[in-house]
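This report covers pockets, a helix pair and some backbone features. Please look at the sequence and the structure below before reading on.

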Amino acid sequence: MTAAGFELGLNSFGEVATDGDRVLSDAETVRLLVDEARLAESVGLDVFSLGEHYREGHNDSATPVLLAAAATATERIRLGTSVTVLSTNDPVRLFHEFATLDAVSNGRAQMVLGRASATESFPLFGYDLADYERLFEEKLDLFLRLQRDEPVTWSGTVRSPLIGQRLHPRMRPGGIPTWIGVGGSPNSVIRAARHGLPLMLAIIGGRPQRFAGHVDLYTKALEQFGHTLQPIGQHSLGLVADTDEEAVETWWRYWQPVVAALAEERGFYKPDRARYEAEIDHGALFVGSPETVAQKIATVARDLRLSRFDLKYDIMHLPREARARTIQLLGSEVAPRVRELLAKEPTNV
């Protein structure tokens with residue numbers, strides 16, 4: 001991937017924003033997301049993506065609907081998912097939704113498929129966590145068959161079989177760009193390579209460079225499975241502000257309570273200030289001025305041979321003004337600076 005072709009995008013989990021001292025309603029947050037997709041396009045960003053969660057304070061549970069709304073408000077920016085929990089979705093319904101989104105957006109739809117790190121969708125939709133691996137493997141096979149073949153005859157253990165089935169609307173030939181999201185499992189890396197799919201690394205803590213072994217595994221596995229080199233992307237959290245100090249203090253105020261709650265729930269590390277600053281200095285938080293964030297993105301792009309970087313810019317109760325400023329600076333200042341840095345010292349992709 002050349003520096004000119006390096007992509008920068010945004011990820012949102014639909015987290016409730018604030019406006020002054022007021023917490024926005026769910027409906028206001030949904031409308032805000034459409035406005036933010038429009039803003040992202042206006043400042044030249046490449047991709048706007050939404051997650052899929054079923055937690056308090058998150059409003060991304062109907063991702064294809066939100067993306068369709070964003071499609072009508074934009075013209076060029078690509079629209080995708082930062083994660084689609086394939087294990088608890090029906091592949092046939094998912095095909096219909098994203099084929100329709102691709103038609104509405106005139107070929108701008110894409111997606112990242114994952115097994116789920118947050119598992120609320122399993123009991124919500126009546127699935128057993130004991131079937132975690134089998135659900136994803138079988139549904140991935142079916143979903144890719146639906147994209148690539150016509151008609152489709154398929155049978156498995158997780159849903160009823162299909163016999164000579166044609167679905168409408170059809171997707172573009174070969175289907176839409178479909179990435180596999182990986183949070184650290186080597187088996188997931190190999191799965192992506194086996195199917196010849198792009199790899200999205202979800203890096204939310206620790207030094208991003210520790211994933212270099214996953215990148216090596218992926219490229220070697222692609223070759224062994226007979227596939228050409230595929231794009232590699234990274235998803236990480238952060239905020240861009242006019243100065244480093246403003247960014248660090250703003251993100252700490254809203255990041256700390258979120259991570260404290262997750263520490264209680266999942267046994268994560270306690271979010272003390274020293275650990276927070278270490279994550280900014282050399283970890284997975286991309287927080288700072290445009291120059292600071294651009295330098296850090298360019299460094300990990302070289303080290304991990306990335307062709308795309310997505311910033312997860314929203315976090316619970318972050319003011320809408322801070323969200324908007326991150327989007328503006330990421331597109332107008334960070335993206336061109338990253339491409340300038342990579343042109344001087346390209347990645348090894």
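Helix α5 gives the largest share of the lining of the second largest pocket, 3 residues. Both α5 (132-148) and β10 supply at least two residues of that lining. Helices (H or I, at least four residues) and strands (E, at least two) are DSSP runs, numbered from the N terminus. The model is predicted: local features need pLDDT of at least 70, side-chain atom pairs count only at pLDDT 80 or more, and totals for chains, interfaces and linings use all residues. Residues are numbered from 1 along each chain as its sequence is written, and side-chain values use heavy atoms, with hydrogens and water left out.

The second largest pocket is lined by 20 residues, with P177, T178, W179, P198 and P231 closest to its centre. In the largest pocket, F13, H53, S117, I204 and R266 lie nearest the centre. A pocket is an open set of points on a 1 Å grid over the protein atoms alone, where a 1.4 Å probe fits, with protein on both sides within 12 Å along at least five of seven lines; lining residues have an atom within 4 Å of a point. A volume is the space filled by probe spheres set on the points.

| Pocket | Volume | Lining by class |
|---|---|---|
| Largest | about 1300 Å³ | 27 nonpolar, 14 polar, 9 charged residues |

Ala, Val, Leu, Ile, Met, Phe, Trp, Tyr, Cys and Pro count as nonpolar, Asp, Glu, Lys and Arg as charged, and the others, Gly among them, as polar. The contributor that gives the most to the lining of the largest pocket is α8, with 8 residues.

Helices α1 (residues 26-42) and α2 (residues 63-73) pack at an angle of about 45°, and their axes are 9 Å apart. The axes are lines fitted to C-alpha atoms over the stretch in contact, and angles run from 0 to 180 degrees between N-to-C directions. In their contact (heavy atoms within 4.5 Å), V30, L33, V34, A37 and R38 of α1 meet L66, A69, A70 and A73 of α2. By class, this contact has 8 nonpolar, no polar and 1 charged residues.

The peptide bond from E150 to P151 is cis, with omega near -5°; P151 sits in the loop between α5 and β8 (152-154). Another cis bond joins H168 and P169, with omega about 0°.
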